[in-house]
Amino acid sequence: MEVDKVFKILTADQWSAFQEAGEFIGSPVDIQDGYIHLSTAVQTERVLNKYYADTRPVFIIEFQSKEIMDLLKWEKASNNDLFPHLYGRPLPLDEVSGTEKID
């Protein structure tokens, strides 16, 4: 799949912990599933509305490093859409290329 950036939606507590630790090993769902769930720009709004509708603020964290993009596995979700998943490594803070706060 050809995209130039992917996104991770984080709660305020998760974003704060990410900044403090310098890396993000995953949300409870990520850890349970064994990979970090990410989204494309098009998918982010759907994920935000489905899983974070009652959570504010949230932070949309952008990644576009070649290293992360090369490691992504694209896997089908229940709606047959292909989602980017990151296996075997945390998301490093120094590879964050943008953030957006949603209140």
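Guide: Two strands are said to pair if DSSP finds at least two bridges between them. Helices (H or I, at least four residues) and strands (E, at least two) are DSSP runs, numbered from the N terminus. The model is predicted, with local features needing pLDDT of at least 70 and side-chain atom pairs counting only at pLDDT 80 or more, while totals for chains, interfaces and linings use all residues. Residues are numbered from 1 along each chain as its sequence is written, and side-chain values use heavy atoms, leaving out hydrogens and water.

The part in question is an open sheet of three strands in the order S1-S4-S8, paired antiparallel. S1 and strand S8 (96-102) stand at its edges with a single partner strand each, so one side of each has no neighbour in the sheet. From one strand to the next, the twist averages 25 degrees. S1 and S4 run antiparallel and are joined by six bridges; valine 6, for example, has phenylalanine 63 in S4 as its bridge partner.

Two helices pack on this sheet. Contact here means heavy atoms within 4.5 Å, and angles run from 0 to 180 degrees between N-to-C directions, with axes fitted as lines to C-alpha atoms (for helices, over the stretch in contact). Helix H1 (residues 12-21) touches S1, S4 and S8, and its direction makes about 110 degrees with that of S1. H3 touches S1 and S4, its direction making about 25 degrees with that of S1.

In helix H3 (residues 41-51), the buried residues are Gln43, Thr44, Val47 and Leu48; buried means under 20% relative accessible area, exposed over 50%, and partly exposed in between (1.4 Å probe, protein chains only). Seen down the axis of H3, these residues fall within an arc of 140 degrees, so they line one face of the helix; the arc is that of the directions from the helix axis to the C-beta atoms. They pack against strand S1 (6-11), strand S4 (58-63) and strand S6 (82-86). On the other side of H3, Val42 and Glu45 are exposed.

A nonpolar core is a set of buried Ala, Val, Leu, Ile, Met, Phe, Trp, Tyr and Cys residues joined through side-chain atoms within 4.5 Å. The largest has 15 residues, and those with the most contacts inside it include Val6, Ile61 and Phe63. S1, H1, S4 and helix H4 (66-71) each supply at least two of its residues, and S4 gives the largest share, three residues. Apart from this core lies another, of nine residues, among them Leu48 and Val58.
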